[in-house]
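Welcome! Here are a few exercises to work through with the structure open beside you, each followed by a solution in steps.

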Amino acid sequence: MRKPVKEIEEILKNTSPEDIFEAVSEFEDDERSSVKKAVLAALKRYNKYLDETERVKGLWAYEEELFSEGNNYICGVDEVGRGPLAGPVVTAAVILKKGCFIPYINDSKKLSEKRRGELYGLIIENAEAVSVAMESHDVIDGINILQATLRAMKNAVTGLEVKPDFVLVDALTIPGLAIPQKGIIKGDSQSISIAAASIIAKVTRDRLMVKEAEKYPGYGFERNKGYGSAEHIRAIKEKGLCPIHRRSFTKGFL
């Protein structure tokens, strides 16, 4: 006896993407129009999954080349928070397990907050090692944002529990790092290791700024994360600066 349409729709809707092709084989000869529609929708989801699989495989290109040269532990490094008016710059260094598959991983700026949170956990699960380092607003004011970023990046790499054989960095190269490295322009959308680091850094900093919003209400840190939104700039003009503002970034608003 044939299954009811609603039951088939639920089965296909709840089937994981990698198992869809096998699941639809049971229903592809069903002539009911609603079942055909459900099968077609499931196959479209399966094809999107295949496309995503190929995209993620492509993100391993830099790492695969380095593996072929005898490097076993490849570290990706990225930063978040060079532009905000308040809070620290946060950097992350990530060594992923060789060949792991993390669907939807990408440059953190291209992902929703919900997706970043989901990927954060998957990256931790699929990593050989993860390290986060940051430099405060005071350090940024003292030595400038670029030097603060580079110092935090170096600390993130040296803080890894597993020593990398090679380091891939988004756009920059890290001075004084005694490990071979390569800076990749827009690396967070080209290297899976750098993409992973960008997500770890972004989620870490966003969560930190939500906590800072509780200590320093009225600036909207829970929404703007310290960036110069209209709400944030208006609050600075009305309330003045709070302890975590970057004085070198906010002179024009006072």
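**Exercise 1. Sort the residues that line the largest pocket into nonpolar, polar and charged.**

Solution. Keep in mind that this is a predicted model.
- Step 1: the lining of the largest pocket divides into two nonpolar, three polar and eight charged residues.
- Step 2: look at the space itself, which comes to about 160 Å³ in the largest pocket.
- Step 3: the lining has 13 residues, and the closest to the pocket's centre are Glu79, Val80, Ser108, Lys109 and Tyr227.
- Step 4: ask which elements contribute. E1 and helix H8 (192-215) each supply at least two residues of this lining, and E1 gives the most, with three residues.

**Exercise 2. Work out the order of the strands in the sheet, and explain why one side of E3 and of E5 has no neighbour in the sheet.**

Solution. 
- Step 1: trace the five strands across the open sheet, and you read E3-E2-E1-E4-E5, with mixed pairing.
- Step 2: strand E3 (127-135) and strand E5 (181-184) stand at the edges with a single partner strand each, so one side of each is left without a neighbour in the sheet.
- Step 3: from one strand to the next, the twist averages 20°.
- Step 4: now pick one pair. Strand E4 (residues 166-170) and E5 run parallel and are joined by four bridges. In this pair, Val169 stands opposite Gly183 of E5.

**Exercise 3. Decide whether Met153 is buried or exposed, and list its contacts.**

Solution. 
- Step 1: locate Met153 in helix H7 (residues 145-158).
- Step 2: compare its accessible area with the cut-off. Buried means under 20% relative accessible area, and Met153 has 0%, so Met153 is buried.
- Step 3: leave aside the neighbours within four places in sequence, and Met153 is in contact with Val77, Asp78, Glu79, Thr91, Val169, Leu172 and Ile174.
- Step 4: finish with a distance. Lys44 lies 109 residues from Met153 along the chain, and their C-alpha atoms are separated by 41 Å.

Conventions. Residues numbered from 1 in each chain as written. Predicted model: local features only at pLDDT ≥ 70, side-chain atom pairs only at ≥ 80, totals over all residues. Heavy atoms only, no water. Pairing = 2+ DSSP bridges. Axes fitted to C-alpha atoms, helices over the stretch in contact; angles between N-to-C directions. 1 Å grid on protein atoms, 1.4 Å probe; cavity = no way out; pocket = protein on both sides within 12 Å on 5 of 7 lines; lining within 4 Å. Points joined across faces, edges and corners; volume = space filled by probe spheres on them. Nonpolar A, V, L, I, M, F, W, Y, C, P; charged D, E, K, R; others polar. Buried < 20%, exposed > 50% of the residue type's maximum accessible area, 1.4 Å probe, protein only. Contact = heavy atoms within 4.5 Å.
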